[in-house]
Amino acid sequence: MIKIEKIEFDNYRQYKNCIINFENKNEYNIYILRAKNGTGKTTFLNGILWCLYGNEYYISDFSKALKIINESAVQEANIDDVLEVKVRLTISDDDKYVIFERSQKFSISIDPLTELKKAVQTTPKSILKVMENPKNSFENAQVYESDDDTLSMVKQYFDEDIYSYYFFDGENLKNYFDKNNAGKVKESIYSLSQVNLLSNASKRCEGLSVEKSRELTKKNGFSDNTIYDKIDKIQDDNETLINNNKSIASEKPVLELRLAELNSQLSGYQPIRDKQARREELDKRFKQLKSEQIEFYSKKKEFIRTYLILFNLYPRIKSTLDMIKYKEEHGELPPRIDKRQIEELINNHVKNCPMCDGELNDHAILHMKQLLDDLDISSQASNYLSSIKGGLESAIFKCKKYESERKNILEKEKYYKEELNKIENELNTISKYLSTYTDDSIGLIDVSKLERERTNIQEELDIKQKSFGANEKLIEINNDKLNELQKQVKEMEKNASEKLALQKQLSIYRSLTTVLNQIKKNLMDEIKIEIQANTWKTFKNMIWKKETFNKLEINDDYQMSVYNNNLNDMTGSLSATESMALAYSFTLAVHETSGRNCPLVVDSPLGRVSDENRTNMAKELLKISKNKQIIMLFTPDEYSTEVSDIYDNTVASIRDISLTDDEKEINKLEV
Amino acid sequence: MTMSKKIINEVEKIDKDEPFKKLVLDILDLESKGTHYFKSKCEELVKKYIDDNRVGVISNDKD
């Protein structure tokens with residue numbers, strides 16, 4: 001049970017200096033405060049509301065209300081004094097105390113119009129502080145002062161959205177059954193019973209499952225099932241190429257051997273020996289020139305590359321060199337100076353300059369030191385410029401040689417082409433001659449046949465050689481592609497294991513969302529049923545009519561409907577007493593279901609209730625007070641005989657509130 | 001904020017194994033603390049649950 005233990009007022013309206021304790025003396029937790037109308041019952045309620053929320057909800061017209069500071073305290077204070085209005089509410093919750101303390105400072109000055117003292121707020125709003133400490137120790141107190149923290153603490157116990165369900169005004173039920181109020185009640189119930197907790201957790205899990213689902217979709221997009229087919233194809237192609245080259249490699253020696261045999265046979269045949277010898281000589285020359293040509297092409301590439309760079313940089317090279325020359329000519333690049341000599345002159349305190357024999361006085365020494373410093377900086381620049389000057393000049397010189405080098409290159413290229421062409425032509429001529437050669441000798445070699453075979457073998461060898469080279473190039477390209485694809489496979493495999501992890505997480509988040517939503521729904525249903533049942537039970541006990549009402553229903557929006565035996569909705573036709581009973585019943589049911597058994601403070605608890613209902617309600621409230629603190633504010637008329645018969649000897653305390661003779665403040669309370 | 005008995009009872013009633021129920025309670029506890037690192041902590045809890053219980057990919061059809 002959460003209980004109000006004490007309320008302390010300082011300068012709060014007519015409660016100038018007042019402490020009210022609510023000690024527990026017996027099994028019933030009803031505390032009665034009696035006061036005539038106008039004494040301060042509603043102010044008492046407003047005091048609690050101001051303490052918790054900074055608002056006095058039961059003031060009818062703020063624009064015409066007095067300031068909250070006690071008027072006599074203002075008049076008694078001196079000019080420039082600072083007075084404080086404070087209300088402090090101490091509650092107990094199991095093994096701890098929670099103290100809500102709100103204060104507002106006022107400074108005292110003179111009103112120029114009335115020439116009376118007036119109080120002016122020193123800050124635009126009041127300050128709330130909440131303290132929490134275990135019952136057995138004040139040393140471990142936790143203090144909350146930030147707006148967020150204090151609001152959270154207030155909300156935990158007395159949610160402002162449904163303040164009227166804790167601090168009940170029996171005279172003012174007109175908004176109690178309002179639709180807007182029902183919405184707030186529902187929200188508050190969900191907040192107190194932690195349905196909102198389930199809702200938020202479920203939304204978060206749903207958000208996470210959407211996130212995982214998106215990540216998974218992205219990873220799916222990266223997988224390429226054709227990659228393995230591509231790898232297989234490239235590997236097959238490479239195998240074919242390698243096998244082809246192996247065949248070529250095995251066939252070539254055979255062909256080369258046969259070629260050598262044919263050459264030998266032809267060389268051995270006297271009538272054409274010269275031709276064959278010439279051919280062999282030309283073949284050799286051809287191979288040599290071909291090899292030189294390959295080397296030449298490499299040099300040609302280098303020539304092109306070198307001059308491409310040089311010509312690109314030429315403008316900058318030229319301008320840098322011109323700049324260096326200019327500086328040299330104008331003495332801006334410092335002359336070479338022997339720094340060591342100058343240092344020796346300084347360190348050895350030489351009296352006269354060895355160059356001009358001038359006196360080396362302090363001024364001269366200072367000048368030499370400055371010179372050394374300057375040299376230090378400029379020497380670096382000087383050295384650098386000098387070091388690159390040579391390179392720049394070489395570059396310019398090389399550019400000038402371009403035309404002559406180019407001419408050489410072109411001539412060389414032409415030479416190789418022409419020479420090789422010449423040799424090829426002569427070789428073709430020899431081959432043609434030999435392939436049509438006839439002579440009268442019988443039984444000796446058939447030259448033309450040998451030559452034709454030779455030509456075929458040579459062509460075949462050339463083709464195989466080219467094929468071999470092309471295959472090797474292709475194998476290299478395929479290997480590069482293979483490496484790339486295998487990298488992708490590794491990436492995919494990594495992706496696949498991440499995908500599996502994501503799939504598992506996604507399925508768990510989805511399960512969590514479903515489960516949390518189900519629990520939330522079950523809890524909402526349970527809460528509604530519980531509130532409905534408890535409201536109905538208490539309502540039936542409170543009213544005298546036992547045969548009229550059939551049932552009570554609460555819809556999903558927490559709006560109540562009471563039905564008679566013909567199942568007609570009678571909510572709008574309830575009497576004042578019945579409305580009051582319904583309001584009480586629902587309030588108490590909300591308290592019970594919220595899981596937080598908070599106190600109820602009621603102004604005019606039975607004001608609108610008459611006759612037998614009064615007794616019923618009083619008894620029912622007494623019964624309820626065994627497990628719940630109820631503070632009731634009666635007028636003497638309201639505290640009628642029926643009520644006093646029930647409460648006089650049972651409740652925890654009965655106190656009378658009265659004003660002082662000057663009616664400016666509440667008298668000290670007596671039990 | 002401590003978890004209400006009603007919620008704890010409802011979690012007990014769900015048709016899942018004990019580790020899953022504990023996961024639900026841990027997540028609710030995390031939410032009740034209002035931490036701004038809910039996401040990272042929740043992911044940690046779920047990954048631990050998957051590793052500790054060797055969870056496979058569950059079909060959510062019946063969910």
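These legends walk through close-up views of a predicted model.

Local features need pLDDT of at least 70 and side-chain atom pairs count only at pLDDT 80 or more, while totals for chains, interfaces and linings use all residues. Residues are numbered from 1 along each chain as its sequence is written, chains are lettered from A in the order in which they are written, and side-chain values use heavy atoms, with hydrogens and water left out.

**View 1. Chain A meets chain B.** Here 30 residues from chain A and 32 residues from chain B are in contact (heavy atoms within 4.5 Å). About 2,800 Å² is buried between the two chains, with carbon and sulfur atoms giving 70%; this is the accessible area (1.4 Å probe) lost on being put together, summed over both parts. On the chain A side, Q194(A), L197(A) and I508(A) lose the most area, together 20% of what that side buries.

**View 2. A salt bridge across the interface.** Look for K212(A) and E43(B), whose closest N and O atoms lie 2.8 Å apart in a salt bridge (a side-chain nitrogen of Lys or Arg within 4 Å of a carboxyl oxygen of Asp or Glu). The rule finds 4 salt bridges between chain A and chain B.

**View 3. An open sheet in chain A.** Its 5 strands (DSSP E runs of at least two residues) follow the order β9-β12-β13-β3-β14, with parallel pairing (at least two DSSP bridges between two strands). β9 (167-169) and β14 (653-656) of chain A are at the edges with a single partner strand each, so one side of each has no neighbour in the sheet.

**View 4. Where β9(A) joins β12(A).** These strands pair in the parallel sense over 3 bridges, and F167(A) stands opposite V601(A).

Conventions. Helix = DSSP H or I, 4+ residues; strand = E, 2+ residues; numbered from the N terminus.
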